[in-house]
Amino acid sequence: MELFEARNVEKVFASTKALTNVSISVKEQSIFGLLGPNGAGKTTLIRIINQITAPDQGEIFLEGKKMTRADISKIGYLPEERGLYKKMKIGEQAIYLAQLKGMSHGEAVRNLKMWFEKFDIMPWWNKKVEELSKGMQQKVQFITTVVHRPKLLIFDEPFSGFDPINANLLKAEILNLRKDGATIIFSTHNMGSVEELCDNIALINKSVKIEDGPTDQIREKYKANLFDIRYRGSFEKVEKALGPAYQVIKHTESEKENLLKVKYTNGSSHNQLLETLLPVIEIRAFEELIPSMNDVFISAVEEANKK
Amino acid sequence: MSNTFLILKQEYLKRVKKKSFIILTVLMPFLIAGVYGLVIYFSVKDDTEERTIAVYDETSLFLGEFSDEGSTKYHFIPKEEYAGLKSNLKESGYYGVLYIPANIYTSNQAQLISDKQLPMELAEQLERKLSRFIENDKRQKVVEESGIPDLERKLAETRTSVTLSTLKISETGEAKKSSSVVAFIASYSMGLIIYFFVFMYGAMVMKSVMEEKKSRIIEVIISSVKPSQLMAGKIIGTALVGLTQVTIWVVLGGIGLVAVQGFFSPDTAQQMGQSLMESQGAMNPAMTQAAQSNPVNEVMEMIGNLNIPLILFSFVFYFLAGYLLYSSLLGAVGAAVDNDEDSQQMVFPVTFPLILSIMLLFPIAKNPEGQLAFWTSIIPLTSPIAMMARIPYGLPAWELVLSMSLLVLTTIGAIYAAAKIYRVGLLMYGKKVNLKELVKWLRYRS
């Protein structure tokens, strides 16, 4: 079931187009990656979802119903530019922010204590934000985003500002939240985390959505028919056997085994390639190279910019 | 609504719990009371310094006339000693030397010599003594020469002092005792109070908006509440802070007043009055008489004759409307800029009418029926202060109604425009904002 949907959303600022006919849909309890170069329109879309700005055209739906102002308490939003009240004690501040999202005071305190324990920052409850390290502030900010148990979580660059250890902690928490029923939209330039976390992605470039779908399918789509083959035998024989249908990208020899990176140019298949090579060499490993999200991102954006 | 309330509560508690607020609120009345107290204390306090003045009298007429007066003693000295004294005044132990020349009746000149800066009071006291003595002496001679019986008494009876009590005829034809002085003080102080509060609390709203924008928390906040709710909560919360402060001051002021009344018992007040009269010349019996009818009651009566309900109502009205108008404008400025330098530039045009009206407050209160007073009290940006300066004097009802309606309309318009600017400005960073840009924002669809 779709938890969130945006249909044909358009937004123009002064003379620049921020979003052109963008539609996305996010399944319940999935993690959705919103990708795109800087200035593509991701933040605008996120702000529209958060009802901070209204779209010029198009509609957005939450749980199948048109979203209204009242729905924003069901959303947790971690903006890219983080900030807290510097002079306010963090416990007090977190309670205030939770109350603004519709929680009662008592409930907010209970939930917050749980989260503070979990993140090991309970001793800082009465400290002012300006006394905390950046990483600590990020933790507080993360907690204030999720404390009211929102159905939809929106993270804009959640990992920026976290060291690798805390980034892993955060990743684990994001997966936990999903397990507990939350649906997550997140925008990032960290493609490694996209591969790790996202079930689906949408790629926006210059206000237009250029790609969307399940992460593995998109990577599949962008594969370049590249194979890594480790073998024992003579390279000359390999070259002879391959012929013009294949292109050798890279070849390295060592005492133990040789490494071959090959690409087929016209319609061929895994089996045909194997059949061609099996008679001449001893194959030790055979693997098709699936592009990383990083490669997908770069090639999709470059292709779109060429058009 | 509940969100607005949460924000309001937050803004209110944040400020009221601040140490600086508590200190300022508690200390301010004491500070003001202290300053006034000192001024009054020193002006009333008897000069207790022990002084001995050497008097060298060439005329030998004044001997015995200079009786010791309070802490000041007079000591007549012969010519020889006078010559010596002039050169070593310091060692002599005398505070100063009064030299009365032989020709004082014609020259009207005497000298007071000292190595210190002499208090003005002392010089005045001596001048008064000498003049009175010579005047009496001359008059005595005239009376004797003329041979008219009872001339002395008759002359005394000719002394006259007219007191002007100003009456103001109201529209109903009823004459009331009014005092321009009381009205002036009321006008001026109310104008000042409105100025300070509007400025102080308007600036607080602006700073609070800027802080949220600068710390970037604003994006989280407006993903939870509407910008209009945020602005309303801020403005009302800050107004309540002001109200709290005023309430505390009124209570402290009340306590202080009771304490002061206890301290300056009626006896002290009378003494004060008497010493005042004495210094202004006891030869003025009419004045002394006027002073004897209790001046406090007189003032109370004049205050009572001001239209207190109208003044209070207008005060609250102009205070609130002025605050709403300026705080929403300043809030919009806070949202539009993202650094302090830009805010300085934007604040000035917004607050200029306010500053202008406080500069004009004096001439307005002095001539409350003039053209200047009329226009400044009608134009909405200056009216909160200018009109308050006029009301204690009374004015035609239509002017008040016109001024109030214009102010309400302008305030509504300002809130509407400010809300738009606020909404757009909050998430606008790194843009140099000018008037043209703001007008563009007003046209944005939200």
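A polar contact is a pair of N or O atoms within 3.5 Å; within protein, one of the two must be able to donate a hydrogen and the other to accept it, and residues adjacent in sequence count only if both atoms are side-chain atoms. By that rule, six residue pairs, both at pLDDT 80 or more, are in polar contact across the interface of chain A and chain B.

The model is predicted: local features need pLDDT of at least 70, side-chain atom pairs count only at pLDDT 80 or more, and totals for chains, interfaces and linings use all residues. Residues are numbered from 1 along each chain as its sequence is written, chains are lettered from A and ligands numbered from 1 in the order in which they are written, and side-chain values use heavy atoms, with hydrogens and water left out.

**Stop 1: the interface**

Select chains A and B. In contact (heavy atoms within 4.5 Å) are 27 residues of chain A and 23 residues of chain B. The buried area, meaning the accessible area (1.4 Å probe) that two parts lose on being put together, summed over both, is about 2,400 Å², and carbon and sulfur atoms give 54% of it. Now pick Ile52(A), Tyr85(A) and Leu100(A): they supply 26% of the area that chain A buries against chain B, more than any other three residues.

Next, show Arg47(A) and Glu219(B). Their side chains form a salt bridge at 2.9 Å, N to O; the term means a side-chain nitrogen of Lys or Arg within 4 Å of a carboxyl oxygen of Asp or Glu. The rule finds three salt bridges across this interface. H2(A) gives the largest share of the side of chain A that touches chain B, six residues.

**Stop 2: Ile90(A)**

Select Ile90(A), which lies in helix H2 (residues 90–100) of chain A; helices (H or I, at least four residues) and strands (E, at least two) are DSSP runs, numbered from the N terminus. Ile90(A) counts as buried because its relative accessibility is 0%, where buried means under 20% relative accessible area (1.4 Å probe, protein chains only). Trp125(A) is 35 residues away in sequence, yet 5.6 Å away in space, C-alpha to C-alpha. Beyond four places in sequence, the contacts of Ile90(A) include Trp125(A), Phe116(A), Leu132(A) and Val140(A).

**Stop 3: helix H4**

Val140(A) is one of the buried residues of H4(A). Select residues 134–146 of chain A to see this helix of 13 residues. Ten of the 13 are buried, so H4(A) is largely enclosed by the rest of the structure. What covers its buried residues includes H2 and helix H3 (105–118) of chain A, together with helix H9 (218–222) of chain B.

Methods. Buried < 20%, exposed > 50% of the residue type's maximum accessible area, 1.4 Å probe, protein only. Expected span 1.5 Å × (residues − 1).
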